[in-house]
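Let's take a walk through this structure together. Keep the sequence and the model side by side as you read.

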Amino acid sequence: MSRFEGKAALVTGAASGIGRAVALRLANEGARVLACDIAEVSIALDGVVAHRCDVSSPDECRAAVAACLDAFGRLDVLGNVAGIAIPGHATDVSEDEYRRMMAVNVDGPFFLAQAAIPHLLERGGVIVNIASNAGIMGIAYFVVYSMTKGAIVQLTRSLAMEYAKTSLRVVAIAPGGINTPLAAGVRFPPDVDFDLIRPYTGFRGQGEPEDIAALFAFVASDEGRNIHGAILPSDLGLSAG
Ligand SMILES: NC(=O)c1ccc[n+]([C@@H]2O[C@H](COP(=O)([O-])OP(=O)(O)OC[C@H]3O[C@@H](n4cnc5c(N)ncnc54)[C@H](O)[C@@H]3O)[C@@H](O)[C@H]2O)c1
């Protein structure tokens with residue numbers, strides 16, 4: 001497929017997991033991709049340009065958008081994928097942990113969107129935000145992470161309303177458990193009540209980053225033109241009940 005031929009995308013979190021799968025998928029469908037991450041991005045595909053960006057810095061967000069325009073002369077798709085999750089008892093979350101989760105998961109998507117929107121408006125661009133089932137369900141021991149993903153849900157809906165009369169589309173995907181280093185690295189404190197965690201384990205296991213990349217590519221392509229302001233779960237039924 002070549003749904004992104006001639007288009008340019010900026011994808012954050014592209015060194016690992018979902019962001020890497022999204023960058024690969026878009027590039028394989030013809031996009032030129034500015035693959036942004038705080039870690040080294042190793043994607044050896046024509047049209048993929050690695051760019052170091054700490055999304056917790058508004059200046060670096062603005063610089064990433066400028067780098068995309070320098071490299072490709074346009075911006076059609078913004079993929080806000082980078083994120084971090086630090087579990088723990090709500091009463092034990094340190095101020096530093098709180099600020100880091102807010103800065104990476106909320107500040108980054110907002111300031112990237114703010115810098116990208118004028119360019120996305122030029123050609124009917126799309127913002128795809130990666131939220132989480134944690135943005136639509138309450139999640140024990142992930143209170144702050146869940147707050148950040150709830151903010152992404154409202155960022156998506158509110159931008160969708162503000163730009164309702166333009167050609168810009170804004171969409172969020174809410175993955176459930178996905179087989180990535182982030183999910184594998186979750187370590188709960190030993191004294192948590194596992195009864196409270198069971199609702200988020202589901203009955204069907206985990207999805208793969210490529211499952212999210214496939215949905216991302218659909219909603220970001222012209223085939224997704226009817227989708228605006230929606231929060232789309234891809235979670236093996238986790239948020240159904
Ligand atoms: N894996 C899951 O189960 C799951 C479920 C729901 C939502 N999500 C969300 O999906 C997104 C991707 O997560 P993943 O599972 O692929 O994780 P991951 O850890 O595999 O990848 C996250 C990437 O973000 C990068 N990153 C972290 N901080 C950054 C910063 N300050 N600036 C730029 N890049 C930074 C990391 O270096 C890493 O490459 C996150 O927003 C996460 O909250 C994941």
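Which residues come nearest to the ligand? Of the 29 residues around the ligand, the nearest are S16, I18, D37, Y145 and T180, where a residue is near a molecule or strand if one of its heavy atoms lies within 4 Å of it. Before going further, please note that this is a predicted model, in which local features need pLDDT of at least 70 and side-chain atom pairs count only at pLDDT 80 or more, while totals for chains, interfaces and linings use all residues. Residues are numbered from 1 along each chain as its sequence is written, and side-chain values use heavy atoms, with hydrogens and water left out.

Staying with the ligand, look at the backbone around it. A polar backbone atom of V55 lies 3.0 Å from a nitrogen atom of the ligand, and a polar backbone atom of I38 lies 3.4 Å from a nitrogen atom of the ligand. An oxygen atom of the ligand is 2.8 Å from a polar backbone atom of I178. These are polar contacts (pairs of N or O atoms within 3.5 Å; within protein, one must be able to donate a hydrogen and the other to accept it, and residues adjacent in sequence count only if both atoms are side-chain atoms).

Now turn to the nonpolar interior. In soluble globular proteins, nonpolar side chains tend to be buried together. A nonpolar core here is a set of buried Ala, Val, Leu, Ile, Met, Phe, Trp, Tyr and Cys residues joined through side-chain atoms within 4.5 Å; buried means under 20% relative accessible area, exposed over 50%, and partly exposed in between (1.4 Å probe, protein chains only). The largest such core has 34 residues, of which L10, L78, L112, I127 and L159 touch the most other members. At least two residues of this core come from each of β1 (8-12), β2 (32-37), α2 (58-72), α3 (95-120), α4 (143-162) and β6 (169-175). The biggest share, seven residues, is given by α3. Helices (H or I, at least four residues) and strands (E, at least two) are DSSP runs, numbered from the N terminus. A second, separate core holds 33 residues, including A9, A27, V48 and A213.

Not counting residues up to four places away in sequence, L10 touches, among others, L34, C36, L78 and L112, contact meaning heavy atoms within 4.5 Å.

What surrounds N80, leaving out residues up to four places away in sequence? N80 touches T12, G108, P109, L112, I127, V128, N129 and I130. This residue sits in strand β4 (residues 77-80), and N80 counts as buried because its relative accessibility is 3%. A polar atom of the N80 side chain lies 3.4 Å from the backbone oxygen of P109.

D235 is buried yet has no salt bridge, and the nearest side chain of opposite charge, R204, is 9.1 Å away. What D235 does have is a polar contact of 2.5 Å with the side chain of S239, and a polar atom of its side chain lies 3.0 Å from the backbone nitrogen of G237. Leaving aside neighbours within four places in sequence, D235 is in contact with N133, A174, P175 and G176.

How many salt bridges does the structure hold? There are 11. In one of them, the side chains of R52 and E60 meet at 3.9 Å, N to O; R52 is exposed, with a relative accessible area of 53%, and E60 is partly exposed at 28%. The side chains of R198 and D195 also meet in a salt bridge, at 2.8 Å, N to O. R198 is exposed because its relative accessible area is 51%, whereas D195 counts as partly exposed at 48%. Elsewhere, salt bridges link R3, R25, E29 and E223 in a network.

We finish at L196, in the loop between α5 (181-184) and α6 (209-220). L196 is partly exposed, with a relative accessible area of 42%. Not counting residues up to four places away in sequence, L196 touches A140 and Y141. From L196 to A63 the distance is 42 Å, C-alpha to C-alpha, and the two are 133 residues apart in sequence.

Note on methods
Lys and Arg count as positive and Asp and Glu as negative; His and the chain ends are not counted. A salt bridge is a side-chain nitrogen of Lys or Arg within 4 Å of a carboxyl oxygen of Asp or Glu.
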